[in-house]
Amino acid sequence: MSQSLSVSAARRRPAAAPAMISDRWFSILLIVPAMAVILVFALLPLAYALNVSFRFADLTRGGIGAFVGLDNYRAVLADEMFWASVGVTLKFTVSAVVLEMVLGIAIAFLIHGATVGKGVIRSLMVLPLATSAAVTGLFWRYLYDTQFGLTNYFLGLLHLPQPNWLGDYTIALWSVVLFDVWQWTPFVALIALAGLQALPKEPFEAAELDGASTFRVLRTLTFPMLKPVLFLVLVLRTIDSVRLYDAVAVLTRGGPGTVTESMTFYLYRTGLKLFRMDYASTMAIFFLYAMLVASLFALRPLLKQFSTRASEG
Amino acid sequence: MKRTILLAAMMATAAPVGAQAQACADADRVPITWSTIAGFYTDAMAKLVAGFEADHCVKVNVVNIDNSQLYNKQVIEMVGETGAYDVVTLETSEKAEFAENGFILPMTEYFADKKAQLDDVAPTLAALTVQYKGDVWGLPYYTYTAGYIYRADLLEDAGEKEAFKAKYGYDLAVPTTWKQHRDIAEFFTRKKGAMLKGAPLEKDFYGVGLMAGPFPEIQDEMSGVIWSQGADWLTDDGVVPVDAVEKAMNDYLALMQFAPPAALTVTYDGVMNQMKDGQIAQTYSFFLDQWPNAAQTETLVPGARMGVAEAPEKKAYIGGFLLAVSASSTHPKEAMDFVAYLGGHDAQMEFAKAGGTSTLMSVLSDPQFADPANRAKTGHFGTLLAIFDSMKGFRSNLFDTPFGAKIYNTMQIPLQSAAAGQITARQAAEQLAAQVEKICGGPCPIGK
Amino acid sequence: MLQRDSSFAKEALRYGLIVIVLGFIVFPILWMVLTSFKPPQDVMVSPPRFLFTPTLDNYYHAIVDKNFLFYIKNTLVISVTSTVLVVIIGALAAYSFARYNVGDGHILFFILSTKMFPAIAVILPYFLIFRNIGKTDVGRFLGIGLDQPGALIISYTMFNLPFAIWLLVSFFQDIPRELEHSARLDGLSRLKVLRKVVFPLAAPGIAVTGVFTLIFCWNEFLFAYILTRQKASTVTVGVESFFTLQGILWGPVAAAATISVLPMMIFVLAMQRYMVRGLTFGAVRG
């Protein structure tokens, strides 16, 4: 105690300055660096996109051109390919996220009950997370190849049908989903597992003494207590899935035709292949708007939780 | 081995470097950057660049970019006027766009006193790549002009010939019509266990390799068919001729059943892998610069012998990678010198020796490349000369509209949808017409 | 006895399922590593070859001919710097949100919403911004410009901050205020309380935030591809230099890919112990 006092006394001068400011100023100072980065590098591009969305802008025809009012918004709303890409994104997001959550939680329970080797299991589970979709996706393309791929080779050995994973327009999107499930299910599983392990023991012991059924324990104890963590993972996975780009770019490039063309990939094609920045920016604005509306529902509860804890704590 | 070559190259260039040493210190060297496609000739390029640096007080930096990304990467740098790339590499359909937008500099004046060098470029190619609206825009240094690459051992096998004649009523030979080509594709499509050249097949065998994956190469394949109908992707009025595209698409669909299922996911490299693994008998209308790659089949597949010929009906995708000088280059003079050097006779000779497919008549017709000893690398040169002769004066509106690059980068979508069976040939042609109209904002302007 | 049998069967089933799951997870990576040791004639063959004479040629080609370690070096510098920045800037802001509830949740919501913006939509504005910064003296001095590490460091910092702040807020909320109060009463300045009391207690959260940020930076492709050309290119872009006119050089690509994921795997494995608690994001209070 006296030691720490003497330390602070010896360094009174430098320590004195921050002590003089109020909590309010201190709290604002703390967020200044983050806000500076975010204001410049989020708002500037946003302003650019907004501006461009009201203009004619073909980068290979004179760059940013004349003001055209709401023409781009009308064009995008009337663009069938845009809506098709929205449909692909929704289909992908719902199926990938549901699969990842269900499988992830199931795997977490599976591992949670294991008595030995948990460390090794967890280590192996982490691997897909550490790899880049742009790189491992390439090897999935190789695995999916109908002429040289291992997947169909094994299926052939078992005399099972050998689908054209990325070439058949009825299943190409599911092949992309499968890749995403491979990469992200372990993420969900690891977090759910960590959640399971962090659960307090007492309520469960009490439930056991009461002779509650497994199902009842799950329904009334485990899931309610895991809910915050699972909800967070769900939101995270949803945000990432909606922005699906790398996996499509490396596996199918939106093909066959446009059946796997996600919104972000269509955005890429419009902005960086056709160089129609006006349409691309307009789509980005729509995208952001949709995400904001969605997140009002998804994030508000989380934030409420944060702020109540902040004020009570 | 590689080191020996490099050493030899360094020794070969050592003398001129020494001579230049007083005139040019390393610090004085003007830096120029060339953006190009990653490829086997990168090693050859080290040699070529050294040769250029020996005579010029320049430091050349070569940036290798994945072929599918080259276009947008270069456009971004051009739009941003960054000057990052001094020399750019353009596909045939991109030239008009780059010229119209002022992304690249005309080299008409530069070549005014170097007419002989321009004249050495194969005239058919020069008309498509060098010229636009009366100006000279650079030099093509590499051609991917397409032809017919096939398993000669199969087409010349006595047993197969006999069976073919019995089935189709004419002799099995290199096809000269699309109909014959289709027949050959059908004839050689066989299941695992069936006989090929008198021996049972260990895996399924296919009559033709196709590039119907999500890449622009599907339209390269179809171009030969469209063009041999006397049609083009764009009419002179700048619209897509729906009927002609539908017909070509239907021909293509008829071939799909004789191609490996992977056709729907691959481009040329996948087709080459299938060839080298002994899975396909022929290629439809294939980039001849891949000949050295295809020739490896002879060592990888027992008994295989490769052949190369003109495409059926003597029409196939044609063009080359154009070297042009960026308008935002800070050293345009040096960049132009580099273009002239790389596209020039001496450098192209070196390039060809390394397996590159040259664009110069003097190189293509050099007797050393016709030598059977060089067949694995340059066995396709003779065929190329024949194609240039057959397609003399050929033009395509696709290469003469400033929207060519964007159209080229979009075309594969409806075409691939049809190839995958999602839409009909008619729908594909109509969608293509609608998308092209949208890209051009009406009929596409054609500038010659 | 009967019960032991059934529990044994249950365990056998459990481990059987675990092995299947792990096989599915590990196999694609294993195949990639296997491919990296294959000579070219054994890669694209049907049926696939499991037995072959392993070679180091692919690694030689990637490391010696193509200087792939250069990309690793770039990636390391860029990722680590970004991660350090994200963790520091993010922790300061998150602490403020957690303790003082600055902006009553509105600012936090705004920050989180920037995570929604698709990268592809901002890439061209970023290109133009960094082109312009790069032309200034400050930009040149700090190395912030196109094809310079600074551009990627800033981009990655920006794109990871929202997530980092979000994660860290909940960890800081878990730290009892009393500890800070007593430290303040001991005469420690606010900053010192942060450094000596708060941050060490939030270490698992900071670790997990750092891990996720580093993984994101290491594996990012789009920004790296547009904002760099060669000098500052990272591994994901470097891998593309093996996509040649002769097709994808699968052996060297596999070697390069293996080299590029190896540091991340080692890192994640090393941090794993730390991450267990961190992974719950403080949302489960045990």
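Two exercises on a predicted model follow, each with a worked solution.

Residues are numbered from 1 along each chain as its sequence is written, and chains are lettered from A in the order in which they are written. Local features need pLDDT of at least 70 and side-chain atom pairs count only at pLDDT 80 or more, while totals for chains, interfaces and linings use all residues.

**Exercise 1.** Compare the end-to-end span of helix H11 of chain A with that of a straight helix, and locate the kink.

Solution.
1. H11(A) covers residues 214–242, 29 residues in total; helices are DSSP runs (H or I, at least four residues), numbered from the N terminus.
2. The expected span is 1.5 Å times one less than the number of residues, and a straight helix would reach 42 Å here.
3. The end C-alpha atoms of H11(A) are only 35 Å apart.
4. A kink of about 55 degrees lies at Lys227(A), shortly before Pro228(A); the bend is the angle between axes fitted to the seven residues ending there and the seven starting there.

**Exercise 2.** Describe how domain 1 of chain B meets domain 2 of chain B.

Solution.
1. An automatic or database domain assignment sets the bounds: domain 1 is 2–137 + 321–381 and domain 2 is 146–317 + 393–440.
2. Over C-alpha atoms, the two domain centres are 30 Å apart.
3. In contact are 18 residues of domain 1 and 20 residues of domain 2 (C-beta atoms, placed from the backbone, within 7 Å).
4. On the domain 1 side, H4(B) gives the largest share, four residues.

How values were computed
Helices (H or I, at least four residues) and strands (E, at least two) are DSSP runs, numbered from the N terminus. Two residues are in contact if their C-beta atoms, placed from the backbone, lie within 7 Å.
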